[in-house]
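Visitor: Could you walk me through this model? I'd like to take it one spot at a time.

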Amino acid sequence: MLGDHRRIARVVVAGCLCIGILFGQLPGNGVAQTYRERGAYLVNAVAVCGNCHTPHDAANAPIAGMELAGGREFDIEAGHIIGPNITPDRETGIGNWSVGQIVYALRNGKRPDGTIIGPPMPIEFYRHLSDRDAEAIAVHLKSLKPIRHQVARSRYTVPLPSSYGPTVGHVGEPDRGDKIVYGAYLAGPVAHCIECHTPRNGPQLDLSRIGVGGRELPDFTNPEARTVSRNITPDPETGIGKWSDADVKRAILIGQRPDGTRLSRTMPSTDYFEMTSDDVNAIVDYLRTLKPLKP
């Protein structure tokens with residue numbers, strides 16, 4: 001594991017570098033970050049948008065040159081999902097959307113034409129994205145190379161809501177100095193770990209059982225199989241209560257349990273590996289505060 005720790009250290013250092021000012025600067029860990037840099041970090045390493053929006057080959061590897069161009073297909077409770085093209089191509093992607101329209105779509109779940117965005121887009125959590133982070137994501141998406149790639153629409157077997165609630169206005173920045181608060185923000189609105197690891201009661205998440213797992217999800221390791229999300233509460237018998245902090249970080253960053261077995265690749269550890277150590281630590285600190293629950 002020593003080599004892994006050195007590799008993580010190199011990634012953390014690289015993730016904290018700043019090139020310069022482009023669209024203004026974002027505060028964070030004492031290092032200036034442009035909107036585009038912050039957006040790239042969130043899209044690629046924390047929200048991991050490519051897990052749904054980048055087409056993958058039969059070996060579950062992202063297809064080179066097709067990043068975020070849509071076309072990945074899988075099944076969830078709500079129907080057959082086809083990740084849309086979110087590159088700025090004007091014909092097949094979101095090239096005609098303004099930064100403001102992208103932010104509105106992220107937080108309110110509606111496209112510029114008024115149609116609703118369905119699951120697995122975690123609008124329930126993205127509603128709590130801060131103004132700066134939502135705009136940073138939009139700025140980054142607008143800066144990408146447009147890829148012409150027409151994909152079909154997802155086919156839902158359940159009715160979609162008419163809205164996700166009142167229109168979201170201002171959302172302030174989380175307190176990065178409070179590790180629990182910031183860890184909750186990363187695990188919820190950004191990385192939406194809680195969305196995958198919380199059971200649903202019909203169309204709604206069962207918020208009385210946050211983190212207890214039990215959701216059946218597509219197994220990206222084996223497209224013909226299904227996987228069930230794990231209990232990530234501190235319950236010592238069925239959760240991660242007996243796992244050390246290093247164990248939890250290894251699961252997040254490398255996709256490996258304490259016993260050495262591998263997690264399903266539905267857990268995008270390859271991408272999470274690019275997270276900064278501060279952000280991973282904050283997520284682990286937050287998970288420790290969850291109410292211990294048994295599935």
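Visitor: Which residues does Asn85 touch?

Guide: Leaving out residues up to four places away in sequence, Asn85 touches Leu68, Ala69, Gly70, Thr92, Gly93, Ile94, Ile147, His149 and Val151, where contact means heavy atoms within 4.5 Å. This is a predicted model, in which local features need pLDDT of at least 70 and side-chain atom pairs count only at pLDDT 80 or more, while totals for chains, interfaces and linings use all residues. Residues are numbered from 1 along each chain as its sequence is written, and side-chain values use heavy atoms, with hydrogens and water left out.

Visitor: Is Asn85 buried or exposed?

Guide: Asn85 is buried, at a relative accessible area of 4% (buried means under 20%, with a 1.4 Å probe and protein chains only).

Visitor: What does the side chain of Asn85 reach?

Guide: It reaches the backbone oxygen of Ile147 at 2.9 Å, and a polar contact of 3.1 Å joins the side chains of Asn85 and Thr92; such a contact is a pair of N or O atoms within 3.5 Å, one able to donate a hydrogen and the other to accept it, and residues adjacent in sequence count only if both atoms are side-chain atoms.

Visitor: Switching topic, at what angle do H4 and H6 pack?

Guide: Helix H4 (residues 99-108) and helix H6 (residues 131-143) pack at about 120°, with axes 9 Å apart; helices here are DSSP runs of H or I with at least four residues, numbered from the N terminus, and axes are lines fitted to C-alpha atoms over the stretch in contact, with angles from 0 to 180 degrees between N-to-C directions.

How values were computed
Helix = DSSP H or I, 4+ residues; strand = E, 2+ residues; numbered from the N terminus. Buried < 20%, exposed > 50% of the residue type's maximum accessible area, 1.4 Å probe, protein only.
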